[in-house]
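Subject: Structure for your review

Dear colleague,

Please find below the sequence and the structure that I am handing over to you. My findings follow directly after them.

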Amino acid sequence: SRAVFEMLGGNVDLWVTNCPTPSVNCTVAIGPGNATLEMKGGRIRCGDLYVGRNQGNDPEKAKTHVQRLHMTGGEIICGRLYFGSSAANATYKFQEAHADLDGGVLTLEQAFVNSTSGINPDAHGYITANGGTIRLAANNANVLRDFDYVKCGPKGLTFDAGGKTPTLAHAIENKDGEQGLLRFTGSGTTLFDPSTYANTVTTTVLDGTTLQIKADGTMLTDLVFTNSAFLNLTDAAISEGLTVKALHATSGKVFLKPGAKIHVLTDDVDVSGLQVQINPAPAADELSDVFTFDGDVTTNASVRAFVRRLVSANSVSGKHARFSAAYDEETGKTVVSVVFKDEDAPYAEKTVWNGPAWTADGWSAGVPTSTKVASFSNASAPTSVAVPSGAEAGALELTGGNDYSFSAADEGAMLDFTGDLGGAWMNIASGHHLFALPLTFTFPVPLTVAAGASVEFAAPLIDGGIQKTGKGRLVLSS
């Protein structure tokens, strides 16, 4: 048989006479025997909440009893969520207790299993969350302790710092066969040590809060930033940084100490507003590594877009931040770095298109690079230009009087303007031209279209974009 207390609404406050706040002595205990507290609505405010406290006078029967806290709504405000008793008496021992957090808010200072040798050495405690919230009420150095497991379902566990500075040091994993979600939220800062804490849930969301990493380590999770969340990797114990499975950010900021990096195990990255701040700020012209990826992902479109969308939050007088990616054959990793530089002068070194293919033989001085001008000034050159994957240019001029048509030579090909701020430019001096493939820009690029000339972009202009001047015609038809 099982005893069930069902809370549907209203408030239950447990007080000590003449005490203005709930006392640790005003406890709620689930047990002895098979017992469940079903929290569906309302509020319970008490001292400690015991799951599996007094199991009666038959220790053998106690081993078959299961106590359970099941929340689908409402709020419980307590001191400690306590699985077991602090008494050494054998009649108080218990075998198994559960907290199933499928909704509602559990506000506490700490949750732990009292499995200390000599008290409850055979105790087992389990937390499963699929829509519930744990909100912190104290700066506890070990919020979750000694559970057999803490598991999250697809609706997840929300960990609300509650304006405090708690430390989370417990393994959190997917609920069996499901894709789990762990969400950090609330004002305050959660301290987190991935060297001992195995976060293997499918997705970890930083939602408008701060997660401070305390040591080098790995989180086998998709790390997601939203609502201007912060990730702090400046702790004194950090030398290498943090490894994650994937990285996505709509807004937020990463604080790095020099030498610390975020290592992404895949090329699954997408950011539209992630800022990077290095503390202390690097010197001008000093290259600082900030991200690494396994393998050579320099031709991956999502990684290129990721690099272009990064923004530096550092301010280096008279300089701008330039992010770049390069493959390191010795380590087998792609390294994303930032350097603070002066604006370049407009690029002047040219290579002229002679065709028929975008290869070294098709150009007068080799294929264009990030600091070379791709010059279409040879009136006898082919006017259909197939641009291959990985093609780049520092600047571009169309001055030969022909009408050029640019297309992708292979799937996913685009023309990258990878030149630095001030160096890159586009000049349409004559003719009517069509770009039927995407163009990507590290920085906004000046585009001059002379009177009588025209240019149509029939595919996306990505990232930095263009700044058009001149009396010629510009058509955006993508």
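Rings of Phe, Tyr and Trp, the last taken by its six-membered ring, are treated as a pair if their centres lie within 6.5 Å. In this predicted model, one aromatic cluster is formed by W353, W358, W363, F376, Y404, F406, F435 and F457.

Aromatic pairs

The count of aromatic pairs comes to 18. One of them joins F83 and F147, edge-to-face, with 5.0 Å from centre to centre and 85° between the planes. F83 belongs to strand β9 (residues 80-83), while F147 is in the loop between β15 (144-145) and β16 (149-152), so this pair ties together parts that are 64 residues apart in sequence. Both partners are shielded: F83 is buried, with a relative accessible area of 0%, and F147 is buried as well, with 6%.

Within the cluster named above, W363 and F376 deserve a separate word. Their ring centres are 5.5 Å apart and their planes stand at 75°, so the pair is edge-to-face. Since W363 lies in the loop between β35 (350-352) and β36 (373-376) and F376 in strand β36, the pair ties together parts that are 13 residues apart in sequence. W363 and F376 are both buried.

Which residues cover the two faces of β36? V373 and S375 lie on one side, A374 and F376 on the other, and all of these are buried. In a regular strand the side chains alternate between the two faces of the sheet. β36 runs parallel to β35, to which three bridges join it, and K350 stands opposite V373 in β36. β36 also pairs in the parallel sense with strand β39 (residues 395-398), over four bridges; here F376 stands opposite L398 in β39.

The seven-stranded sheet

Elsewhere in the model, seven strands make an open sheet in the order β18-β21-β23-β25-β27-β30-β32, with parallel pairing. The edges are held by β18 (167-168) and β32 (311-312), each of which has a single partner strand, so one side of each is left without a neighbour in the sheet. Inside this order, strand β25 (residues 229-233) and strand β27 (residues 252-256) pair in the parallel sense over five bridges. N232 stands opposite F255 in β27.

Charged residues

Two charged side chains sit over aromatic rings. The charged end of R145 lies over the ring of F112, 4.5 Å from its centre. For K151, the charged end sits over the ring of Y149, at 4.3 Å from the ring centre.

A further arginine, R322, is placed in strand β33 (residues 320-328). Is R322 buried or exposed? R322 is buried, because its relative accessible area is 16% and the cut-off for buried is under 20%. A polar atom of the R322 side chain lies 2.7 Å from the backbone oxygen of T418. Leaving aside residues up to four places away in sequence, R322 touches S337, V338, V339, T418, G419, D420, T442 and F443.

With kind regards

Technical notes: Residues are numbered from 1 along each chain as its sequence is written. This is a predicted model: local features need pLDDT of at least 70, side-chain atom pairs count only at pLDDT 80 or more; totals for chains, interfaces and linings use all residues. Side-chain values use heavy atoms; hydrogens and water are left out. Two strands pair if DSSP finds at least two bridges between them. Rings of Phe, Tyr and Trp (its six-membered ring) pair if their centres lie within 6.5 Å; planes under 30 degrees apart count as stacked, over 60 as edge-to-face and the rest as tilted. Buried means under 20% relative accessible area, exposed over 50%, partly exposed in between (1.4 Å probe, protein chains only). A charge sits over a ring if NZ of Lys or CZ of Arg is within 6 Å of the ring centre and within 35 degrees of the ring normal. A polar contact is a pair of N or O atoms within 3.5 Å; within protein, one must be able to donate a hydrogen and the other to accept it, and residues adjacent in sequence count only if both atoms are side-chain atoms. Contact means heavy atoms within 4.5 Å.
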